[in-house]
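Thanks for asking me to look this over.

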Amino acid sequence: MKLYKNPAKENWKEILERPSVNNEGIKKTVAGILDDIKINGDAAVKKYSKQFDGLESDSMLVSAAEIELATTKVAESLKEAIDVAYNNIKKFHESQREDIKKIETSKGVFCWRKSVPIQNVGLYIPGGTAPLLSTLLMLGVPANLAGCHNIIICTPADKSDSINDAILYIAGMLNIKYVYKIGGAQAIGAMAFGTETIPKVDKIFGPGNRYVTTAKQMVQTEGTAIDMPAGPSELAVFADHTSNPAFIAADLLSQAEHGADSQVLLVTTYAPMMEKVQIALEEQLHALPRKDIATAALSNSMFIEMDKLEEAFNLLNEYAAEHLIIATDDAEVLSEKVFNAGSIFLGHYSPESAGDYASGTNHTLPTNGFAKAYSGVSLDSFVKKITFQNIQPAGLQNLGKAVEILAAAEGLQAHKNAVSIRLETLKNEQ
């Protein structure tokens, strides 16, 4: 854990840098995988599943029988918890529907916008050390609400060539029939280009490691849309004299246990808080099953003391955290100072874990500073907004002259003629 006190603004960029890796090496590896899949389809996907995950399977598609069997293995208590999360996520995302509003911009000129579902979407659900069943809820629920026609899931199998039972239970619950036992960059390539077994999709959703994130960014340049660049998880916390050190330590560790390349950040205007949180971290860390992972992530992390409140929030806006907790009595007031964050958690009883699982907001969020320009996943992520216009004869007569003048000013005579020929027809009909 690195400690800083009132760092100079010119040093913020260096201090707030995310954990670095050899991205050039990753890009080269991923590019080779994607090119191979384009040419060799299923054979290439299976080759990389064996190479990277040690898996050999005749069928990458999970059968209906496997999904049905998994349902019987999930504990009732977990099913009840999934139901709570499902209902809250559904309620929040349903509220994001937009009614069609026809606007008469000029007399006889009507314009409106309509949400139309993306037809084919692919959901990448991380497996590895922590199968993220919550991610399937976060992506599958809005995909269903949006009305996406074809939804497929790619998720890595374990060493016994099985998918986590709860993931399959949720897939069945969401009526998603096509689940493929594929992980990593090869899963992204399969969804982006299509293979003999896996259909090509129009947009890919879901977080992942750096190989997955790099693959998503690469296929985006070749015509497959992605939700956002979403890499290793991160959390920033703002604390003052009203904050609870034990709560903050627990929040920091909840993100640190995601992976060794995760990062957490504490910013405080109350000097004693740094030591108090450090003590609480030590007390809680040793009881964690994933303490080695959390310890590695903490080595990438930092505590920063700032004398001035405004500077503290300027620094947090520069960091643009995936998750930001404002752990103070006046959190809602202070939230007005935030311009860059994926999702914000207010007060002492809004742990980031609640957003990860069951409060209702989406946990698929921009990382690595992309929260300066990207939003988290929402219902809007699964639809296209198509605009419409219906211009009545009187509307064209009202609007036509302005269009003719503007087209002529740009030297686009055919544009002008498309209006002029109609106006002439209307004139002759009168």
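1. Helices (H or I, at least four residues) and strands (E, at least two) are DSSP runs, numbered from the N terminus. With that naming, Met-218 belongs to helix H9. This is a predicted model, in which local features need pLDDT of at least 70 and side-chain atom pairs count only at pLDDT 80 or more, while totals for chains, interfaces and linings use all residues. Residues are numbered from 1 along each chain as its sequence is written, and side-chain values use heavy atoms, with hydrogens and water left out.

2. Let me stay with H9. Buried means under 20% relative accessible area, exposed over 50%, and partly exposed in between (1.4 Å probe, protein chains only). Eight of the eleven residues of H9 (residues 210-220) are buried, so the helix is largely enclosed by the rest of the structure. The buried set is Arg-210, Val-212, Thr-213, Thr-214, Ala-215, Lys-216, Met-218 and Val-219. They pack against helix H2 (23-40), strand E4 (120-124), helix H8 (184-193), strand E7 (203-205) and strand E8 (225-226).

3. What does Met-218 touch, leaving aside its neighbours within four places in sequence? With contact taken as heavy atoms within 4.5 Å, the partners of Met-218 are Lys-27, Val-30, Ala-31 and Leu-34. Met-218 and Ala-192 are 26 residues apart in sequence, and their C-alpha atoms are 10.0 Å apart in space.

4. On a 1 Å grid over the protein atoms alone, a cavity is a set of points where a 1.4 Å probe fits but cannot get out; a pocket is an open set with protein on both sides within 12 Å along at least five of seven lines; lining residues have an atom within 4 Å of a point. Grid points are joined across faces, edges and corners, and a volume is the space filled by probe spheres set on the points. The second largest pocket has a volume of about 390 Å³. Of its 22 lining residues, Asn-23, Arg-210, Thr-213, Pro-232 and Asn-368 are the closest to the centre. H2 and H9 are the elements that give two or more residues to this lining, and H9 gives the most, with four.

5. For residue classes, Ala, Val, Leu, Ile, Met, Phe, Trp, Tyr, Cys and Pro count as nonpolar, Asp, Glu, Lys and Arg as charged, and the others, Gly among them, as polar. The lining of the second largest pocket divides into six nonpolar, ten polar and six charged residues. There is also one cavity of 30 Å³ or more; the largest cavity has a volume of about 30 Å³. Ala-236, Leu-316, Tyr-319, Ala-321, Leu-324, Asn-340 and Ala-341 line the largest cavity, giving six nonpolar, one polar and no charged residues.

6. On to the sheets, where two strands pair if DSSP finds at least two bridges between them. Six strands form an open, parallel sheet in the order E1-E11-E10-E9-E12-E13. Strand E1 (2-5) and E13 are the edge strands, each with a single partner, so one side of each lacks a neighbour in the sheet. E1 pairs with strand E11 (residues 302-305) over four bridges, and Lys-5 has Glu-305 as its bridge partner. Strand E13 (residues 343-346) has a covered face, Ser-343 and Phe-345, and an uncovered one, Ile-344 and Leu-346.

7. A second open sheet has three strands in the order E2-E3-E14, with antiparallel pairing. Strand E3 (residues 109-117) is joined to E14 by nine bridges, and Val-109 is partnered by Ile-391.

8. Finally, two loop residues to look at. Most residues other than glycine have a negative phi, and most peptide bonds are trans. Asp-161 has a positive phi of about 65° and sits in the loop between strand E5 (150-155) and helix H7 (165-173). Asn-175 has a positive phi of about 60° and lies in the loop between H7 and strand E6 (178-181). Asn-175 is exposed, with a relative accessible area of 54%.
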